[in-house]
Amino acid sequence: MKAKNTSSGGNAQSFFTTHPRVCGVLLAGTKGSRLYPMTSADMPKHLLPVAGFPSILRLIQSLGNFPELVIAVNHQDNLTLDTLVKEACTLKEKTEDLWTLEYKETKQKITLLKLSEDCFGSADALRQVEAKNIVHPKTRVVVIPGDLVILKRDLNLDAIVRPSNDSACTTLLVDVGEVDEHGVPLKESAKAKKGGLGREEEDIEYIGLSYPKVKTSSLSPPVLPRIVLKESKLDVEADEDMTGSTAKLDLPKPRVHKGKLVIRTEWSDAHVYSLAPWVRELLVERKSISSIQSGLLPLLVSRQFRGKKATFGSSLPDENDENKDKQNSEAFSEEPYSVSALVLESKTVMRINNIPAYIYACKETVANGSELPMPADSRWNGKFLSLVLKESTLGAKVNMKSSIVGTKCQLGSKCRLNNVIIMDNVVIGENCSLQSTILGSGVVLGNNCSLNDCQVGPGMNLPAGTKEKGESFMVGDNIGVDDML
């Protein structure tokens, strides 16, 4: 296995070209219940390791050109600060719920904010950031999920940071459509069978983009398509009357009178939103909106041709409020605006918001190990897409493919690993077969075990001869000989 001595410091890659009037806000306030048992209050999803680095650190490495980042974490999160200081940051200043850090590699300012207990969504989180006056009111904010993984080095995402002047919100979409050898689109279940990543029904949307008819020169920045439709597949295809009728999309004519309309379900929302300053003001005023994805975005899409004043509606700032500057507020403008989308190809960015996505992101990160940062003293095998971190030992005739072994692990002889993630301090006996499985930190696995599509929580001890498929284990589960009969 080829050794790759790379570190986070010397190989941090930046994927955005920014200017001072932009700030990245990383929302990392949820622990990730869909990743159980690998996540908990002690291990939120943004700290899960992705090819040796905590996910949030890989994300920060990719955002090095942002002049400033804000990271919003759960009120119970006591690990993120320690992780950042230990791995890559210097603590500069702290208050009760705010910490100011400096990313050592780029001298980038990072503000860590603990959200209050009454935060119930992404819009609530952004309002709490606004309440702290961390970001200048005229700054464009790029909201980024803390579980985002960037898989490619040379992505041009400038359109997200510097969209057209009339863009209220620019959204990042990823084309996740796949076809078979005959060019026929694959269903989500078929993607997983072919080694890809299938989405759950609740994550699929009908998205309609209106592409401009005007031609631009090669020297002009690209004109992004407008989002004119964005609805959940489950809502569109709900057959409430049990008549078996064909799903219908309700699309008002004013939204499609210009440009070429394309509607697809293969575009996946990466939950990256570039918000204009007046949209930040809108969120502060419209406190009923709790989610950017399901609340703010549909509002902006539906009102973009009616103007900003119609978007604020009854939530317009009080004209008699001395604290509000009507002359400088865009809330009173009746000019239309746009809600645009930047569409990327597959395997460029993705979220690790469930178990299959986490395994897939780790595999693809290792596959791009020649251009993405890898931990120092790790052994990377580009042929078999495997990574073994420092101080880990492998017995004779260990077969690894698309797998990661954490630090200070011990693997017995004749083990077979395919699509497996092994975290730190794991001990595996001899002749074990693991397929599409995750082993948490400190797991002990006896000899002759066979696990397929399993998740074993931290500190779990599975006896020799354990054979399971599609199971999750957590400390406290009583696993013995009788369970294997």
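**View 1. Asn-399 sits in strand β21, which spans residues 399-401.** Helices (H or I, at least four residues) and strands (E, at least two) are DSSP runs, numbered from the N terminus. This is a predicted model, in which local features need pLDDT of at least 70 and side-chain atom pairs count only at pLDDT 80 or more, while totals for chains, interfaces and linings use all residues. Residues are numbered from 1 along each chain as its sequence is written, and side-chain values use heavy atoms, with hydrogens and water left out. Asn-399 is partly exposed, with a relative accessible area of 47%; buried means under 20%, exposed over 50%, and partly exposed in between (1.4 Å probe, protein chains only). Leaving aside neighbours within four places in sequence, Asn-399 is in contact with Cys-415, Arg-416 and Leu-417, where contact means heavy atoms within 4.5 Å. Look also for Asn-418: its C-alpha atom is 8.3 Å from that of Asn-399, and the two residues are 19 residues apart along the chain.

**View 2. Val-388 belongs to strand β19, residues 386-388.** Is Val-388 buried or exposed? Val-388 counts as buried, at 0% relative accessibility.

**View 3. Helix α1, residues 55-62, is mostly covered.** Here 8 of its 8 residues are buried. Among them are Ser-55, Ile-56, Arg-58 and Gln-61.

**View 4. Thr-80 is found in helix α2, residues 80-87.** Thr-80 is buried, with a relative accessible area of 0%. Which residues does Thr-80 touch, not counting those up to four places away in sequence? They are His-46, Leu-47, Val-73 and Leu-112.

**View 5. The largest nonpolar core holds 42 residues.** A nonpolar core is a set of buried Ala, Val, Leu, Ile, Met, Phe, Trp, Tyr and Cys residues joined through side-chain atoms within 4.5 Å. The members touching the most other members are Leu-126, Leu-275, Trp-278, Val-279, Leu-296, Leu-300 and Val-339. Helix α8 (residues 292-303) gives the largest share of this core, 6 residues. A second, separate core has 40 residues, including Leu-69, Leu-101, Ile-144 and Val-272. Back at Leu-275, the residues touched include Leu-126, Arg-140, Cys-169 and Leu-296, not counting those up to four places away in sequence.

**View 6. Helix α7 (residues 277-285) has buried residues that include Trp-278, Val-279 and Leu-282.** The buried residues of α7 pack against α3 (122-131), β9 (140-145), β11 (167-175), β15 (267-275), α8 and α9 (308-312).

**View 7. Asp-175 and Arg-264 form a salt bridge, their closest N and O atoms being 3.0 Å apart.** A salt bridge is a side-chain nitrogen of Lys or Arg within 4 Å of a carboxyl oxygen of Asp or Glu. Asp-175 lies in strand β11 and Arg-264 in strand β14, so the pair ties together parts that are 89 residues apart in sequence. Arg-264 counts as partly exposed, at 25% relative accessibility. By this rule, the count comes to 19 salt bridges.

**View 8. Arg-199 forms a salt bridge with Glu-188, the closest N and O atoms being 3.1 Å apart.** Arg-199 lies in the loop between α5 (188-193) and β12 (205-211) and Glu-188 in helix α5, so the pair ties together parts that are 11 residues apart in sequence. Both partners are buried: Arg-199 has a relative accessible area of 15%, and Glu-188 has one of 17%.

**View 9. Glu-201 pairs with Lys-233 in a salt bridge, with 3.4 Å between the closest N and O atoms.** This pair links distant parts of the chain, 32 residues apart: Glu-201 in the loop between α5 and β12, and Lys-233 in helix α6 (residues 233-236). Glu-201 is partly exposed at 41% relative accessible area, whereas Lys-233 is buried at 17%.

**View 10. The sulfur of Cys-432 has its closest cysteine sulfur in Cys-449.** The distance is 4.7 Å, too far for a bond, as a disulfide is a pair of cysteine sulfur atoms within 2.5 Å. Cys-432 is buried, with a relative accessible area of 1%. How many disulfides does the structure hold? The structure holds 0 disulfides.
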